[in-house]
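Q: Could you walk me through reading helix packing and sheet pairing in a model like this one? I would like the general idea and then the case at hand.

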Amino acid sequence: MDFTSFETDHVAESSVTNASEPHFFTIGDLAREFGVTLRALRFYEDKGLLAPRREGLTRLYSVAERDRLAIILKGKKLGFTLAEIKAMVALREGGPVPTGGLALTREKCVEQLALLEQQKAEIEEAIDELHQMVTAFTARSAA
């Protein structure tokens, strides 16, 4: 699976686009850029999805780690599990697929799409029901 379109869009929106910018980012830099918490970044590190360089207590993320975070967040947005995201990252970077990780296939994408469409239909049904309830409450209070 190729997430380069997401990465390209994200880099275009980013303030980190020219060669004069630093080649390493702090945890705070990435948290602000991607709108995630420091805890989320540490969680991804604990799960082996990110591996920043350490200088004392400071985590320094390379451009490659930053790109990897973009893939992780795209996979999360699309509803994939951490194991599936780890496999996506490994496949994209040419590494071995982690043990227990699933190779991302067209079928897996179709399966995930069907799941999200089902969830969307359930949410739309709940919204419709809530609209009906609000209308009923409004009619009662007007009477």
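Q: In which hand does α2 pass α3?

A: The model is a predicted one, and in it the crossing of α2 past α3 is right-handed. The contact brings together I27, G28, L30 and A31 from α2 with L38, L41 and R42 from α3. Sorted by class, that contact has 5 nonpolar residues, 1 polar and 1 charged.

Q: At what angle do helix α2 and helix α3 pack, and how far apart are their axes?

A: Here is the general idea: two packed helices are described by the angle between their axes and the distance between those axes. In this case, α2 (residues 27-34) and α3 (residues 38-46) pack at about 110 degrees, and their axes are 9 Å apart. Angles of 65 to 115 degrees count as roughly perpendicular, so α2 and α3 are roughly perpendicular to each other.

Q: What about α4: at what angle do the axes of α2 and α4 cross?

A: Helix α4 spans residues 63-77, and its axis comes within 12 Å of that of α2, crossing at roughly 40 degrees. That angle makes α2 oblique to α4. The hand of this crossing, α2 past α4, is right-handed. From α2, the residues L30, E33 and F34 meet R66, L69, A70 and L73 of α4. By class, this contact has 5 nonpolar and 2 charged residues, with no polar ones.

Q: Now the sheet, please. In what order do the strands lie, and is the pairing parallel or antiparallel?

A: In general, strands of a sheet pair through backbone hydrogen bonds, either parallel or antiparallel. Here 3 strands form an open sheet in the order β1-β3-β2, with antiparallel pairing. The edge strands, β1 (24-26) and β2 (53-55), each pair on one side only. From one strand to the next, the twist averages 40 degrees.

Q: Over how many bridges do β2 and β3 pair?

A: Strand β3 (residues 58-62) pairs with β2 over 3 bridges, in the antiparallel sense. Within this part of the sheet, E55 stands opposite T58 of β3.

How values were computed. Residues numbered from 1 in each chain as written. Predicted model: local features only at pLDDT ≥ 70, side-chain atom pairs only at ≥ 80, totals over all residues. Heavy atoms only, no water. Axes fitted to C-alpha atoms, helices over the stretch in contact; angles between N-to-C directions. Helix = DSSP H or I, 4+ residues; strand = E, 2+ residues; numbered from the N terminus. Parallel < 35°, antiparallel > 145°, perpendicular 65-115°, else oblique. Left-handed = near helix turned anticlockwise from the far one by under 90°. Contact = heavy atoms within 4.5 Å. Nonpolar A, V, L, I, M, F, W, Y, C, P; charged D, E, K, R; others polar. Pairing = 2+ DSSP bridges.
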